[in-house]
Amino acid sequence: MATQPAPTLALDLRVERFPYHQPFRISGHVFTETALLVAELSDGTHVGRGEGAGVYYLGDDIDHMLGEAMRAREAIEGGATRGDLQHLLPPGGARNALDCAFWDLEAKQQSRPVWDLAGLDPPKALRSTLTLGADDPEVMAKAALAIDAQAPVKVKLTGDLADDIARVSAIRAARPDAWIGVDANQGYDIRTLADLLPVLVEMRVAQLEQPLPRGREADLDGIKRPLPFVADESALSLADTASLVGRFDVVNIKLDKCGGLTEGLAIARQARTLGLDVMVGNMMGTSLSMAPAYLVGQLCDIVDLDGPTFLARDRDPGVEYRGGMIHCPAGIWGG
């Protein structure tokens, strides 16, 4: 019997912008909105959706993402598969949006949720950090008291040693029993890092994310790590993972960095075999970004999926944050 040809796909691409409640500051940047590439793949009966926020420090902005996705349109509409996509485009926001749209479409075509297609157990609610953007110490301490008291706290640093010490000290005083992790976003060098580490230990900080700039990973060779070091900007894709061993303890997977759920799951599994712990993060997308990352989170030790909490509006339906946990209803994506 002749096999049926795969249905022809139509790809729709659009840009959507989601402003923040207030400016969000990290080391070297202040953000006021997230610009998203939204991809919709249709076979004429089913529609799969995905979105990409890109990677700002790589120049992967909305124009770049749109251009990359347009470059792949002809191949996709000509029959390319999700597997083909891994070679059509490099890691980044465009491939993330398209990869997640393929997964969503496959789930609807087969009437099976993505978690099942991916070989995962049924997803459970996850404890997720809530992030405090860098600000004056007293402002951050008040913000730490205002967020869910059961949620772990992630603190953005700026690389200014004295200010960062004051920030962490103020937050610890305000939240004496909270899990606190800090994210330097490449803001330190090896000398200033040596001055920061004893303070983080004294303040019972649980982990330090991306202390040095990407490209300076070798500076960490031989450095004693008195708390877990997390690789974020140093861990863009599957190709980076093996090089983290001995320099970092945890890899932070973001689907916009690695180019989608397909590679995100592969990184999580490889990291485990290498003895690394696994974290899932986000690039401040909507709940449509959180839903596939939530599946990666099922394999992770640490979850940081609070992007929608910064947005003045989110998608409907959206993820829910309560009791220190993120809950992701199946109707958002991939259900």
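Student: Lys154: buried or exposed?
Tutor: Buried, with a relative accessible area of 4%. Buried means under 20% relative accessible area, exposed means over 50%, and partly exposed lies in between (1.4 Å probe, protein chains only).

Student: What kind of model is this?
Tutor: A predicted one: local features need pLDDT of at least 70, side-chain atom pairs count only at pLDDT 80 or more, and totals for chains, interfaces and linings use all residues. Residues are numbered from 1 along each chain as its sequence is written, and side-chain values use heavy atoms, with hydrogens and water left out.

Student: How do the side chains of strand 6 point?
Tutor: Val153 and Val155 point one way, Lys154 and Lys156 the other, and all are buried. Strand 6 covers residues 153–156. Strands here are DSSP runs of E, at least two residues; helices are runs of H or I, at least four; both are numbered from the N terminus.

Student: And what pairs with strand 6?
Tutor: Strand 5 (residues 130–132) joins strand 6 through 3 bridges, running parallel. Strand 7 (residues 180–183) joins strand 6 through 4 bridges, also parallel. Pairing takes at least two DSSP bridges between the strands. Val153 has Ile180 as its bridge partner in strand 7. Leu132 stands opposite Val155.

Student: What handedness does the crossover from strand 5 to strand 6 have?
Tutor: Right-handed, a β-α-β crossover through helix 5 (residues 137–146). Right-handed means that, with the strands pointing away from the viewer, the path from the first strand over the helix to the second runs clockwise. Strand 6, helix 6 (residues 161–174) and strand 7 make a right-handed β-α-β unit as well.

Student: New topic. What is the strand order in the open sheet of 3 strands?
Tutor: 4-14-13, with antiparallel pairing. Strand 4 (126–127) and strand 13 (320–322) are the edges, each pairing on one side only. Strand 4 and strand 14 (residues 325–327) are joined by 2 bridges. Arg127 stands opposite Met325 there.

Student: Why call helix 10 largely enclosed?
Tutor: Because 11 of its 11 residues, 287–297, are buried. Among them are Met290, Pro292 and Tyr294.

Student: Salt bridges again. How many in the whole structure?
Tutor: The search finds 26. One of them joins Glu77 and Arg73, at 3.6 Å, N to O. These two are 4 residues apart in helix 1 (residues 62–77), so about one helical turn separates them.

Student: How accessible is each of that pair?
Tutor: Both are partly exposed: Glu77 has a relative accessible area of 30%, and Arg73 has 22%.

Key:
Salt bridge = Lys/Arg side-chain N within 4 Å of Asp/Glu carboxyl O.
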